[in-house]
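Good morning. Please have a look at the model on the screen, and I will go through a few parts of it.

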Amino acid sequence: MIIKRLVVIGVGLIGGSFALALREAAAVGSVVGIDSDPANLEQALSLGIIDQSASDSRSAVSDADVVFVAVPACSISSVVREIATALAPGCIVTDAGSVKASIVRECEALIPSGCSFIGGHPIAGTEHSGAAAAFAELFKGRRCVLTPDAQSNAAALQTVSSLWRAAGAEVCCMEAEHHDRIFAEISHLPHAVAYALVHAVGTADVEGENVLSYSAGGFKDFTRIASSDPVMWRDIALMNRDALLSSIDGFSVSLAELRNRIDRRDQAGLTEFFTRAKLFRDGIV
Ligand SMILES: NC(=O)c1ccc[n+]([C@@H]2O[C@H](COP(=O)([O-])OP(=O)(O)OC[C@H]3O[C@@H](n4cnc5c(N)ncnc54)[C@H](O)[C@@H]3O)[C@@H](O)[C@H]2O)c1
């Protein structure tokens, strides 16, 4: 057992899966769940994701070893603000937010001395939400990025790393700003493009035909992530605004280059463009 008492605030896909994975690995003694949606919390209890539910976050965290904050990214700092002065001495607070720099900056400033904050982002997910979508294997073989900085407590980092490893994840550490630039490219841009593509095709008018009714495997594969929670992606887009704008600008250049080669009927240029992209893609699957 790594810790005795874990409090999960936000028992949804990520919070619920973390609790399930740690319970399955016998890495935690007990798990207390807190959620602003009473029906979701009730479901988490009945599915055996948590041992107990609590309605008062401040009293629930008062004897926690670790608090895992897995609420929408834009609410993480306000949740930490609410619980900060009620934390037990030595308590470690960590999070799952998909954007890191602003969360780490705000949360580190809120945590009292004697307690620690370690930013985290598991690189795993599905397009589904809530406790019912949680499963213990979600993090198996996936990376979890932790974003400690010079003021982070080494023992706290060690504990959070051990928990993620027990949940099946491979832990890597990087600076929060570096994380945000990387994930703007590899995660936030693809979601933005998928949403924009479905938007463009969904509103396309080809002699009054419903174009989407002709969608086949390719369109569905490519746009699966546009079924993700719109509010979560609104928050990520705004919280990582600068890095995402820069990624969208880079993508616009690439799309303009492709358009240009099509416009010029540039056979060699198009073959080169598609071949280079295929090589990148084949390299990751
Ligand atoms: N879904 C993914 O693919 C993914 C991947 C990595 C990280 N994340 C991050 O994990 C976090 C959770 O995402 P999720 O996919 O599990 O979402 P989710 O909607 O499945 O779960 C979030 C839960 O938090 C609860 N909640 C919302 N505000 C709250 C508050 N103020 N106090 C208490 N509970 C509150 C909701 O009722 C919900 O049950 C987000 O910060 C997200 O950026 C998500």
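**The sheet and what surrounds it**

Strand 5 and strand 6 run parallel and are joined by three bridges. The chain gets from strand 5 to strand 6 through helix 5 (residues 101–110), in a right-handed β-α-β crossover. Right-handed means that, with the strands pointing away from the viewer, the path from the first strand over the helix to the second runs clockwise. This is a predicted model, in which local features need pLDDT of at least 70 and side-chain atom pairs count only at pLDDT 80 or more, while totals for chains, interfaces and linings use all residues. Residues are numbered from 1 along each chain as its sequence is written. Helices (H or I, at least four residues) and strands (E, at least two) are DSSP runs, numbered from the N terminus.

Val67 has Val93 in strand 5 as its bridge partner. Strand 4, helix 4 (residues 76–83) and strand 5 make a β-α-β unit, and that unit is right-handed.

In what order do the six strands of the open sheet come? The order is 3-2-1-4-5-6, with parallel pairing. Strand 3 (52–53) and strand 6 (116–118) are the edge strands, each pairing on one side only.

Back to strand 5 (residues 92–95). Ile92 and Thr94 point one way, Val93 and Asp95 the other way, and all are buried, that is, 20 or more other C-beta atoms lie within 10 Å of their own, with C-beta atoms placed from the backbone. In a regular strand the side chains alternate between the two faces of the sheet.

Next, the ligand. It is surrounded by 27 residues, the closest being Gly10, Gly12, Ile14, Gly125 and Ser129; a residue counts as near if its C-beta atom, placed from the backbone, lies within 6 Å. Helix 1 gives the largest share of this shell, three residues.

Last, a backbone detail. Most residues other than glycine have a negative phi. Glu207 is not a glycine, yet has a positive phi of about 45 degrees. Glu207 sits in the loop between helix 7 (176–202) and helix 8 (217–223). Is Glu207 buried or exposed? Glu207 is exposed, with 4 other C-beta atoms within 10 Å; exposed means 12 or fewer.

Methods. Pairing = 2+ DSSP bridges.
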